[in-house]
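Student: I would like to go through this structure with you. May I ask about pockets, a helix and some salt bridges?
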Amino acid sequence: MRVVFFGTPEFAVPSLRALLQAGHEVAAVVTQPDRAQGRSRSVLVPPPVKAYALAQGLEVLQPEKPVGDVFLEQLRRLRPEVGVVVAYGHILRPAVLAVPPHGMLNVHASLLPRHRGAAPIQWAILEGDAETGVSIMRLDEGMDTGDVLETASTPIADDDTAATLSARLAELGAATLVHALARVARGTDVYAPQDHARATHAPKIDRGLARIRWEEPAARVARRVRAFDPAPGAWTQLDGADVKLFGARAAEGAGAPGTILGADDALLVACGSGAVRIVEVQPAGKRRLPVAEWRRGHPGVAGRRFA
């Protein structure tokens, strides 16, 4: 099929790659503009999807927003049969959705209607879901409310982080997308409406949500740390300075919430019930460090308390 592809981050690259490997004709790739990065904000860095698309010789469009007559005309000129949207970063308006005759299919990283929104992977871990997956959905005007063509699931392991789960779902989404597009091409696609009464929401992650709440049970503290690994990083404070923590697992232990009960190759920190073992630390403005390395600059941390 002749496809126009909308996507921006690394998560979207496997889906674009799978389309090409399956023999679909990618008429163009629409992605977000290059963004300034680094401390000086002087270096423009292309999105991962753009870098991959250019390496494959594909046409790339980078509107600041996918709106307006000029963009619509560009889209119509491409004559796509179907659109594919994977973590593009903008809501597409009805005029854009209407351009491909087969509509716009979205690869969403949850089992809809659970975890609609911007951060389904993080919320699936944070809420302690036993499994998650991907949904191939036809976009409508709502936020992840469209009819679903196909789903695929995967268990969430006790040591999954947002990074490991995202990588797995990216590949699962790519394979499921190719299978779904084959159904569209054959004319055997059947869409199921979502049960909106069962919907849950996964809003964008902010700094407040990523702050560790030591009064929570150890299992939830550990999930919060894993849900925000690598970004934005679950954080706390020690002696008034911010510090991010990684690699948390629930463990036995008791004490005032936030108290460092022990420190060797890991930190054992008391929670509202139980404790967590932490294996990596990232002080503000510095790189992630194994706990053993961090402790060399912080002797005597046992007995101190994270705020």
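**Pockets, a helix and salt bridges**

Tutor: Let us begin with the second largest pocket, which has a volume of about 160 Å³. Please keep in mind that this is a predicted model.

Student: Which residues are closest to the centre of the second largest pocket?

Tutor: This pocket is lined by 13 residues, and R207, P232, W235, K244 and A284 are the closest to its centre.

Student: Which element gives the most to that lining?

Tutor: Strand β11 gives the most to the lining of the second largest pocket, namely 3 residues. At least two residues each come from α7 (207-210), β11 (241-246) and β16 (280-283).

Student: And how many of the lining residues are charged?

Tutor: The lining of the second largest pocket has 4 charged residues, together with 6 nonpolar and 3 polar ones.

Student: What about the largest pocket: how much space lies in it?

Tutor: The largest pocket holds about 1400 Å³ of space. Its lining is made up of 45 residues, and those nearest the centre are P9, A87, Y88, G89 and A118. By class, 28 lining residues are nonpolar, 11 are polar and 6 are charged.

Student: Which elements supply at least two residues of that lining?

Tutor: They are β3 (35-37), β6 (82-86), β7, α5 (120-126) and α6 (162-186).

Student: Changing topic to helix α3: which of its residues are buried?

Tutor: Helix α3 covers residues 68-78, and F71, L72, L75 and L78 are buried there. Viewed down the axis of α3, the buried residues fall within an arc of 115°, so they line one face of the helix.

Student: Why would residues a few places apart point the same way?

Tutor: An α-helix has 3.6 residues a turn, so residues three or four places apart point the same way.

Student: What do the buried residues of α3 pack against?

Tutor: They pack against β1 (2-7), β2 (25-30), β5 (60-61), α4 (94-97) and β7 (104-108).

Student: What follows α3?

Tutor: R79 follows α3, and its phi is positive, near 50°.

Student: Now the salt bridges: how many does the structure hold?

Tutor: The structure holds 15 salt bridges. One of them joins D129 and R114, with the closest N and O atoms 2.9 Å apart. D129 lies in the loop between α5 and β8 (131-138), and R114 in the loop between β7 and α5, so the pair ties together parts that are 15 residues apart in sequence.

Student: What does E150 meet in a salt bridge?

Tutor: The side chain of E150 meets that of R183, at 3.3 Å from N to O. This pair links distant parts of the chain, with E150 in strand β9 (residues 148-155) and R183 in helix α6, 33 residues apart. E150 is buried, with a relative accessible area of 15%, and R183 is also buried, at 17%.

Student: Where does R168 come in?

Tutor: R168 forms a salt bridge with D160, at 2.7 Å from N to O.

Conventions: Residues numbered from 1 in each chain as written. Predicted model: local features only at pLDDT ≥ 70, side-chain atom pairs only at ≥ 80, totals over all residues. Heavy atoms only, no water. Buried < 20%, exposed > 50% of the residue type's maximum accessible area, 1.4 Å probe, protein only. Helix = DSSP H or I, 4+ residues; strand = E, 2+ residues; numbered from the N terminus. Arc of directions from axis to C-beta. Contact = heavy atoms within 4.5 Å. 1 Å grid on protein atoms, 1.4 Å probe; cavity = no way out; pocket = protein on both sides within 12 Å on 5 of 7 lines; lining within 4 Å. Points joined across faces, edges and corners; volume = space filled by probe spheres on them. Nonpolar A, V, L, I, M, F, W, Y, C, P; charged D, E, K, R; others polar. Salt bridge = Lys/Arg side-chain N within 4 Å of Asp/Glu carboxyl O.
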